[in-house]
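Thanks for coming, everyone. I will go through one chain today, from its overall layout down to single side chains. Please look at the screen.

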Amino acid sequence: MDSVSSGSSLQLLAKLLLDAQEDDDDDEHVPHCSVSAMTPSSIGPVKKDTTGTFQVKSENRKTIWNTEEVPEGSEFDDTWDPREQPEYQILFKQCVGTEDVFFGMSRKDPSTACCEDVVIKIKLPETKYSDIALDIQDKVLDLRTPKKKLLLHLPYCVDSKKSKARFLSEEETLEVTLRVSRKFDFINFV
C-alpha cells in the first residue's frame, strides 16, 4: 500500500485512467507535478460541460413544479405567521379486550401499527372554546386561535368524519381523537 500513497504513484494512476485520445488532444487536463493541485475530479476522463441543455419535463409548460414535488399539507404552511406553536402530545390508543390481554388471541401488540385512534392533546392557555378553529384533513391537523397556531402533519392517514374533539376548560386543553384509516391486514382486520 506504500506505493499507492506517494504523489508520483497517484499521478501515474491518473495517467493510466485517462483515455489515450483525450490525452493526445488536450494537455491541460493532465495532473500537474504538485500533489496539492490533484483532486479526485482530476482522475478519469474529462467531463464535458453540459450547461445550457436544460429540458422541461412538464407537459404543461406554464407549471413551475409537478404536483408530486409538493409535499402534502404544504398549502397550510404559513412561515410569516407570528403566532407561537402550543405544546402538544401525540398518544396512540387501541381497543383491547380480555382475549387480547390474557390470551393474546387477536395478534395485537403494543406498537402503533395496532392502534385504532390517535389522540392529540393540545395545551391552549387563556383560550376560550369559541376562539378555536380546527381543520382536519387526511394527513394534516390545522389549529388556529388568536394567540396560537399549530400545523401538525399526522403520522397516519385519519378519517376526519369519525374524529372527535373536546375542550377541557379546567385543564385548558383541547383533546382531539382521530380514527386511523388503514388497510386491513393480518393485525388490523376488524
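First, a definition: helices (H or I, at least four residues) and strands (E, at least two) are DSSP runs, numbered from the N terminus. On that basis, the chain has four helices and seven strands. Now the caveats. This is a predicted model, so I ask for pLDDT of at least 70 for local features and 80 or more for side-chain atom pairs, while totals for chains, interfaces and linings use all residues. Residues are numbered from 1 along each chain as its sequence is written, and side-chain values use heavy atoms, with hydrogens and water left out.

Start with the order of elements. From the N terminus, the run is α-α-α-β-α-β-β-β-β-β-β. The chain has 190 residues, and 26% of them count as buried. Buried here means under 20% relative accessible area, exposed means over 50%, and partly exposed is in between, with a 1.4 Å probe and protein chains only.

Now the sheet. Which strands make it up, and in what order? Four strands form an open sheet, ordered β1-β2-β7-β6, and the pairing is antiparallel. For pairing, DSSP must find at least two bridges between two strands. The edges are β1, residues 88–93, and β6, residues 158–168; each of these pairs on one side only. Neighbouring strands in the sheet are turned by 20° against each other on average, direction ignored. Those angles are between N-to-C directions, on a scale from 0 to 180 degrees, with axes as lines fitted to C-alpha atoms (for helices, over the stretch in contact).

Look at one pair in that sheet. Strand β2, residues 117–123, and strand β7, residues 173–180, are antiparallel and share seven bridges. V119 has T177 in β7 as its bridge partner.

Next, the hairpin. β4 and β5 form it, with four residues between them. The two strands run antiparallel and are joined by five bridges. How enclosed is β5? Strand β5 covers residues 149–153, and four of its five residues are buried, so it is largely enclosed by the rest of the structure.

Stay on β4, residues 140–144, where we find D142. D142 stands opposite L151 in β5. D142 is buried, at 9% relative accessibility. From D142 to H153 is eleven residues in sequence and 8.7 Å in space, C-alpha to C-alpha. D142 also has a charged partner. It forms a salt bridge with R144, with the closest N and O atoms 3.0 Å apart. By salt bridge I mean a side-chain nitrogen of Lys or Arg within 4 Å of a carboxyl oxygen of Asp or Glu. Side chains of opposite charge can pair when their charged atoms come close.

How many salt bridges does the structure hold? There are five. Let me take two more of them. R166 pairs with E175, and the closest N and O atoms are 3.1 Å apart. R166 is partly exposed at 46% relative accessible area, whereas E175 counts as buried at 14%.

The other one is K147 with E126, at 3.3 Å between the closest N and O atoms. This pair links distant parts of the chain: K147 is in the loop between β4 and β5, E126 is in the loop between β2 and β3, and they are 21 residues apart. K147 is partly exposed, with a relative accessible area of 49%. E126 is exposed, at 63%.

Most residues other than glycine have a negative phi. E126 is not a glycine, yet its phi is positive, about 60°. Where is E172, another residue with a positive phi? E172 lies in the loop between β6 and β7. Its phi is near 55°. At 33% relative accessibility, E172 counts as partly exposed.

Last stop, the surface. L13, L16, L17 and I43 make a nonpolar surface patch of about 370 Å². Patch residues have over 30% relative accessible area and no salt bridge; like charges are joined within 9 Å, and nonpolar side chains (Val, Leu, Ile, Met, Phe, Trp, Tyr) within 5 Å. The areas come from the Shrake-Rupley method with a 1.4 Å probe, and for residues only the protein chains shown count as cover. I43 sits in the loop between α3, residues 20–25, and β1. At 31% relative accessibility, I43 counts as partly exposed.

That is the tour. Over to you.
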